[in-house]
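Here is a report on how the parts of this complex meet. It goes interface by interface, then turns to confidence.

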Amino acid sequence: MAPRIGVFICRCGINIAAYVDVPKVVEYAKTLPGVAYAEENMYTCSSDGLNKIKEAIKKHNLDRVVVASCTPRTHEPLFQATCEEAGVNKYLFEMANIRDQCSWVHMREPEKATKKAKDLIRMAVAKAALLEPDDEPEIDVIPSTLVIGGGVSGMRAALSVADQGFDVTIVEKEPALGGKLRGFDSLFPHKQKASEVLEPLIEKVTTHPRIRVLTESRLKSVYGFIGNFDIGVETGKGVETLKVGTIIVAVGAEVLKPRGLYLYGEDPRVVTQSELEQLLHTGSVNAEKIVMIQCSGSRSAERPYCSRICCNEAVKNALNVTEKGKEVYILYRDLQTYGIHYSRLEQEAKRKGIRFLKYQADKPPTITAEPNGLKVSVYSPTVNETVEVTANMLVLSTPLVPVSDAKELSQMLKVPLDSNGFFMEAHVKLRPIDFATDGIFVCGTAHSPKDIGESVAQALGVASRASIPMAKKRVRTAAIMSQVDQTRCSGCGTCIDVCPYNALRKNEKGLAETIAAVCKGCGVCGATCPEKAITMHHFTDEQIQAQGLAALEED
Amino acid sequence: MKPVLVIGGGIAGIQASLDLADRGTKVHLVERTPSIGGVMAQLDKTFPTMDCSICILAPKMIECYRHPNITIHTQSEVVGLEGSVGDFNVKVLEHPRSVDSAKCTGCGLCSEKCPVKKPSTFQAGLGQRKAIYLAFPQAVPLIATIDREACLWFTKGVCRTCEKVCPSKAVDYEQKENVVELNVSSVIAATGFEQYNPKDIGEYGYGRYKNVLTALEFERLVCASGPTGGVLNRPSDGKVSHNIVFIQCVGSRTQTTGYPYCSSSCCMYATKEAVLIKEHEPSSHVTIFYMDLKTFGKGFQGFVDRAQSHWGVNYIRGRPGEIREDPVTKSLTILYENTEVGKVERVDADMVVLCTAAVPHRDNGKLAAVLGVPLDGYGFFEVGDPVSAPVETGKPGVYVCGSCHGPRDIPESVAEASATAAKAAEDAARAEVGQ
Amino acid sequence: MTQKKSPKAVFQANAEACDQCGKCPSSCPVTIHVEGFNPRQIIAKVALGREADLMKSQVIWTCTSCLKCKERCPEEISPYDVIQALRRIAIYLELPHPEGYDASVKAVVETGVVQQPQLVRTRSKERKDRKSMGLPPAEKPRDMAAYTETLREILGEETV
Amino acid sequence: MSTFEPNIVGFLCNWCSYAGADLAGVSRIQYPTNMRVIKVMCSGRVEPGMVLELLEAGADGVMVTGCHIGDCHYISGNLHTKRKFALLQRLLAKTGLEPQRIRLEWNSAAEGQRFANLVKEFTEQVRAVGPTPLKAPTPDAAKLLNTRAALAAADGFRLRALVGKEEKLVTEGNVYGDKVAQDEFTEAMDEAVETEFQVHRIHIMLQERPRSVKDMAKQLGLQPKAVLGYVVALRQRGWVDVKEAVEGTPLYAAQ
């Protein structure tokens, strides 16, 4: 059946009409193939204009609508909704941008602007004739979340998801919950004991009716997509299968043990900052003079990142031991005491007599083990001399490094790691706790080094992100998506390689298919498929071709 | 389920609103200016990926505006709050736009014809706007507003040009203030920060020397949609600047003129701006004076390394003592000590950019009083327990996110915004089961 | 004899709080000209407990007391006051110090002014006779004994 | 020549370039009227074949614009655009059409002025090259044949598969983790482009009417041996076969 297209041309007051001869364009539009009706409006987007569209659809039995006005980026949804109200599927709508990209940019050439407006409308009509109705099928979401990792991030995320009314399973590889927080003595800035934070949290998690904890368990397999993940977990009793709607990665990080660096592992008086925490916790710091070296193993060629928390932890611990009457030197490159609280901590430390000595990356401190102590010799550029200190204890501030099974996990979940081996978010700025893959989220130090408060904020953040699809109960798939023609696909897998979202997979026949819930509609797979077996809905080869060829026709 | 009130339409407020709206909760988003978008809308690029700021923000702004669950109240402020979590009664004062938002199409004709010029806030004062204006080209909502303090009709009772030229008859001088009363279950404050005004640091000459800019002013200058179209024309004579100096910690890390804390993002935005200069013109000389290079975020160190090795940005550890201006050429000389060498030297520059502190918004006191929550000693919203409750004010049901409780960068603000959404969702879930 | 500061007084200068930012040397009119004089490094050495080295060195005598370092220090540290304290202790300990310093202190105590009062320094840095410029002669304190006593009181108060 | 107004088609990605074009409008920045815009979600949707098809149909120039590298709304879509555009350039070089007729640019949503400048520059660039030789009713037959062959090659399995795999093979490696050096890949690509172009040229000629190897070699300016090689390849693909023999010389025709 031949299409019946209605074309509505907006004057936009004088914004279009002053430069484009709108009545002439309307007359022209009426001559285009498939156009059953055309009219002009003062403001197509006004309620009056929208009513006219609806009336015309009914009166002229229109099955496709073209609006020539401003930009679809702001107005397409409005016109689409109007079409739907009049019973025309929203994907049978097309826009021609004759304002932002025509009248406004060709104000001195009204004749040419009019010609271009005609061309743009001809292109839109050509595409509209080939449009097909689409829908946005919804899929059900299993109201349950998997949290991988039972440290403070994982527990806080789990608690919040559970408090929002959804079931949670925590999978923790260690025998007990708690993660790295177990290794801390006191916490900044209120000097609570770590255990005072940790124990009540574990209590809450383990007694929450919606939370299940599987300790000494590991993720074994992950299949599926947002809303419907099938998870295999290896527990002490064998492999258990779970069905969840969303997944939260909260596996944390590990502290680097820098064997061989500054006599670590060779002299017992050399410890890491986290080992000092342990000693503080047990009250067994037996040293009167302590030297701490920052960036021990970070901001280096091997680990070119700053580990964010080490300066703050060093300053906090230095203050703790100073209170016990000990003398502390902190050798640093750049003090990373950022923000309100850590700046205050730094100032307190400086005023309490902790000595900060800057050193340069290319002139690291040298350590000599002597019977009466460790002789630390360091050139400090700000003092312009080599300072020597004989300490009883050397504390190395070492960076957090990715957990040993990060790679394995990333492959199982099909989410990427960054160049340092931490989990990589979907977008550095605006999607900091999402993965590009829908339904999977990341928080805490699995993402990058961060302090406890920041980890908790992220944990609560993913609790929101992971709950959104569960609260909605269904996820709507995009209509603008790819579809693989199974009769043409050769199973070469190139589409799977190029898809940035893992939205294609091989089915049991070895042929590619789109996972509707995951596809974002960019069309890269369609442009790539060697067999041209992929149709991009709403941007089909034929539609684009028709638009292009229409552009080259003479009016 | 009851709606949630979000105060502040910057990126944090937008994210909190979208999270809640997406899950089906109604949101009232209150913004004090004519458009949502906040400071991020003013930025050219974002570090460390050099993403175009408005490119990634504008779709979120539009999504927010079009979301059926979000009602945006622009040019509005929260003036009253009573009740408790699950049942807050809120008063929102909507200031008049003097333009009918249902009729205005954002065509900008009124602004074109308006005879009154004022410095544009969006262009950080470097460009001008009219008394009737669109906040910026990508403003959401794209609706004109009249600055009644500047408008000739409101100040002198003459003109009414905008009314005459408006093709859709949207200008309405009679619009009145309007108080909206809402009942909400939770409140999220995301009111952001302000830039420190460095005029008090006399030795740097800001306000006296035309070619000394703040980083936000520079951000507009370097932006393609800025007053010079992204060309680095310096303010004194329009000469294209190739020699630019950045000074860190202006109003930060000081007990005297400014605030004692580190503002957290300046080292990185300076690096970004330095790279932008180099991208525009690789032969430019760019020097950044810093105290500690704060590279603590994900990808930051790599970004600085690349700025140094690939782009040749010059980093010198030292806080310059003073800036002098050549009275004739208006070029600048910076006196500094390279503290890693111990020598005082001078460097000449076409332009100096002061990386100013992120400071509490001046309206925080008023809002905190309305909400009944504390501010810290500086005037930021205070979080009682930054370790265990990083977005909670201590008053149940009232949460904070983003830079209104201390300087932080965009991703931290976004993650925190989602965190407040989670807390609000928990409140709602509790209310539903009647706890 | 007036009270003199004990060496401990130097620590009240809060040298440890210094961020070593470099604002004082780059504000200082001396540092740029005189090799080796650097108020920041003086503070750094005080923070490391090296006052003795400083007092023995000549650098502390170079300061012209313009107070820019004090005015501009973002941390409210005053290199000027630290230098003054170091000078006082150095004199207290009878360490070597420039002769001119004694002379100018003496001149203050005796006449109330540091420089020869009959000479005037012009903007172009020439020294001119007051008389040649048509100025009346500068007066010396009339009651020298009372003046000295007052001055001692003031100095004493300041060093309490 | 001064009256020549080039017909230009622009493919703009929805997120950055199209938004940048809108910004030029909102800012009332004036630029020539020659370009007609086709909006796609991502510049990675644009296939070399789509551009060649427009050139074949008489476009004087085609521009493709996307988000700046690293800014892609779809993470990595524009990396594929870049690779596909490089293939397009190689194919265009075979046709005899001027390389100035196509252009790939990155333009952000904040770059309204830049977008206007790009349209202006590209319009002038195409104007300087002159009208397309392919425009009906009197197209340059040889260039038209070449363009059709390039189009068929671009749409064929081999080049699409190669360019599709390029990003992964060069940056990540194959399933065994073996990376292919870029210059190695480029060499293989050059070879494939040449073969596919010639094969399709011959195929199109044989679709018109049966011909001998010698006849085709003369018309294509190739060695008969090379043409025979391509004909053998075409026979293996089952696209052509011997139609008849005239005076002992086989004439081939498309199946």
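## Chain A against chain B

Chain A and chain B together bury about 5,500 Å², and 55% of that lies on carbon and sulfur atoms. Buried area here is the accessible area (1.4 Å probe) that two parts lose on being put together, summed over both. A:Ile340, A:Lys429 and A:Leu430 supply 15% of the area that chain A buries against chain B, more than any other three residues. The contact draws 75 residues from chain A and 71 residues from chain B. Contact means heavy atoms within 4.5 Å.

This is a predicted model: local features need pLDDT of at least 70, side-chain atom pairs count only at pLDDT 80 or more, and totals for chains, interfaces and linings use all residues. Residues are numbered from 1 along each chain as its sequence is written, chains are lettered from A and ligands numbered from 1 in the order in which they are written, and side-chain values use heavy atoms, with hydrogens and water left out.

## Polar links between A and B

How many salt bridges cross the interface of chain A and chain B? The rule finds six. A salt bridge is a side-chain nitrogen of Lys or Arg within 4 Å of a carboxyl oxygen of Asp or Glu. One salt bridge joins B:Glu412 to A:Arg308, with the closest N and O atoms 3.4 Å apart.

Chain A and chain B also share 26 residue pairs in polar contact, both residues at pLDDT 80 or more. A polar contact is a pair of N or O atoms within 3.5 Å; within protein, one must be able to donate a hydrogen and the other to accept it, and residues adjacent in sequence count only if both atoms are side-chain atoms. On the side of chain A that touches chain B, the elements giving two or more residues are helix 3 (72-85), helix 6 (152-163), helix 10 (339-351) and helix 12 (452-472) of chain A. Helix 12 of chain A gives the most, with 15 residues. Helices (H or I, at least four residues) are DSSP runs, numbered from the N terminus. That side of chain A divides into 32 nonpolar, 24 polar and 19 charged residues. Ala, Val, Leu, Ile, Met, Phe, Trp, Tyr, Cys and Pro count as nonpolar, Asp, Glu, Lys and Arg as charged, and the others, Gly among them, as polar.

## Chain D against chain B

Here 11 residues of chain D are in contact with 13 residues of chain B. The two chains bury about 970 Å² between them, 59% of it on carbon and sulfur atoms. Two residue pairs are in polar contact, both residues at pLDDT 80 or more. The side of chain D that touches chain B holds six nonpolar, two polar and three charged residues.

## Inside chain D

Chain D is divided into domain 1 (8-129) and domain 2 (156-254). Domain bounds come from an automatic or database domain assignment. The C-alpha centres of domain 1 and domain 2 of chain D lie 29 Å apart. Nine residues from domain 1 and 14 residues from domain 2 of chain D make the contact. These two domains of chain D bury about 1,200 Å² between them, 60% of it on carbon and sulfur atoms. In domain 1 of chain D, D:Arg83, D:Arg90 and D:Lys94 lose the most area to domain 2, together 57% of what that side buries.

Five salt bridges are counted between domain 1 and domain 2 of chain D. D:Arg90 forms a salt bridge with D:Asp190, the closest N and O atoms being 2.7 Å apart. On the side of domain 1 of chain D that touches domain 2, three residues are nonpolar, one is polar and five are charged.

## Inside chain B

Domain 1 and domain 3 of chain B bury about 1,600 Å² between them, 72% of it on carbon and sulfur atoms.

## Confidence in chain C

Chain C averages a pLDDT of 80, and 82% of the residues score at least 70. pLDDT is the predictor's confidence in each residue, from 0 to 100. In chain C, confidence is lowest in helix 7 (residues 144-159), at a mean of 70, and highest in helix 1 (residues 23-27), at 97.
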